[in-house]
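Please open the model in your viewer and keep the selection tool at hand. The stops below follow one another, each with something to select.

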Amino acid sequence: MEFEPVIGLEVHAQLKTNTKIFCSCSTKFGADPNTHVCPVCLGMPGVLPVLNKTVVEYAMRMALATDCTIAHQSRFARKNYFYPDLPKGYQISQYELPIAEHGHVNITMEDGTKKRIGITRIHMEEDAGKLIHDPTRPVSRVDFNRTGTPLIEIVSEPDIRSPEEAGAYLRQVRSILRYLGISDGNMEEGSFRCDANVSIRPRGTEPFGTRAELKNLNSFKYVESAIAYEIKRQKMVIGDGGDVVQETRLWDSAGNRSISMRGKEEAHDYRYFPDPDLVPLVIDDEWIESVRKRLPELPEARKARFLDEYALPEYDADILTSAKELADYFEDCAKEVENPKIVSNWVMGTLLGLLNAEGKSIEESPVSPAQLAELLILIETSVISGKIAKTVFDEMVKSGKAAKAIVEEKGLVQVTDESAIEAVVDQVIDANPAEVEKFKAGNAKLMGFFVGQVMRETKGKANPQIVNKLLKKKLG
Ligand SMILES: [Zn+2]
């Protein structure tokens, strides 16, 4: 029997507000343990939470960016459970009345196929504290600085059908969060976390199979490997005549496998009830419209504009708009240079190649958009060849000097003087009579040899178009 995976993702994104969701404690990362705490986030008796308006606005931004319907009235609920990092004994979340529902995110796969993934709901909640286990001693400590940090949970419909689609969806969600400026979306640092619900069913059938929930997926790579592993595992269980059990499984990245953690709890295990300390949240149309008006350009719209305004291939537009900072870099550079495609080639090829090799982000680029533009203009105006430009670029990275200065200093200006190039062409032809004969006998591939010889003689400075033209004329 052929099986089809059914995958739904729950993303927790930490919001970049200055203060916590229900108190005025700082959310700044990296402070000494238990210094950003107060009676409210420590869960002392008799205190009252006060909702942070910025958290609501950030949640509204994400809701609008994913085409969700924002509820005019939503409510906070208590999710009851005990854990040492949760001093109140309950987490304030939203349950039956979330702030937003029924949206979607469009994804594009590497082969260009597009797909729409539904968003079931977005809700706001508070984060718990952090347990620190000391491997050298039999103790664990708890840091409550993170307690009460605002999160939004974005729950997808079970529309995802492969590990690759899950990866594409997560990247798109993270990109939207970053464009909106509401979350760092940093998976490694835990500000963007993902749980995956995975089940399989015979292809062509409707009812869902029993699902397992995968937790602890703290990199894009792990999400994809864990889902692929889970699909395989469930196929084997069913293939052996067994039943998949509903459970929570932890991804063990070192062992490249998942381990059963516990039976999956149902919503009723949490005894949700409306939080009596918080009034229902009322959002009117005017507020929604004012947030909508302030939305920045989002990845999809920006991609469409890149296709239109710069006439870039879809592949280029996809990569360049995948992160706001990268798109900004491209545009800052492209406004100086005539041909956007040359900018795109250099940013995606040479620059990203260098940054990836050094593990740097685009914000840490050693070459600014203006500096790269200066180099590309030198190519466009035929002052240097594309090949020489690579040497100049390397030197810019090494020395931090400007392109023009390097070209002048090293005497790299391209030779476009036809008579000067012609002299070299003649010299190369005279020096290689055997190759000339073979070329004339029909070995067209030798053209590359002659071009290479001329470029070598001119130390790469001869204008390649002129070299080609002259060689063709003389050998043809
Ligand atoms: Zn506090």
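Start by selecting domain 2 and domain 3: their centres, taken over C-alpha atoms, are separated by 32 Å. The bounds are 297-409 for domain 2 and 418-475 for domain 3, while domain 1 covers 3-290; such bounds come from an automatic or database domain assignment. The contact between domain 2 and domain 3 takes 4 residues from each, where two residues are in contact if their C-beta atoms, placed from the backbone, lie within 7 Å. On the domain 2 side, the residues touching domain 3 are 1 nonpolar, 2 polar and 1 charged. In that classification Ala, Val, Leu, Ile, Met, Phe, Trp, Tyr, Cys and Pro count as nonpolar, Asp, Glu, Lys and Arg as charged, and the others, Gly among them, as polar.

Two notes on reading the model. Residue numbers run from 1 along each chain as its sequence is written. The model is predicted: local features need pLDDT of at least 70 and side-chain atom pairs count only at pLDDT 80 or more, whereas totals for chains, interfaces and linings use all residues.

Next, select residues 386-399, helix α10. Helices (H or I, at least four residues) and strands (E, at least two) are DSSP runs, numbered from the N terminus. The 14 residues of α10 reach 20 Å from first C-alpha to last, close to the 20 Å expected at 1.5 Å a residue; the expected span is 1.5 Å times one less than the number of residues.

Within α10, pick out Ile388, Ala389, Val392, Phe393 and Met396, its buried residues. A residue is buried if 20 or more other C-beta atoms lie within 10 Å of its own, exposed if 12 or fewer, and partly exposed in between, with C-beta atoms placed from the backbone. Then step to Gly400, which follows α10 and has a positive phi, near 75°.

Now select the open sheet of 3 strands, ordered β5-β4-β15 with antiparallel pairing. Strands pair if DSSP finds at least two bridges between them. β5 and β15 (273-274) are the edge strands, each pairing on one side only. β4 and β15 are joined by 2 bridges, and Arg78 stands opposite Phe273 in β15.

Finish at Tyr81, in the loop between β4 (77-80) and β5 (90-93). Is Tyr81 buried or partly exposed? Tyr81 counts as partly exposed because it has 14 C-beta neighbours inside 10 Å.
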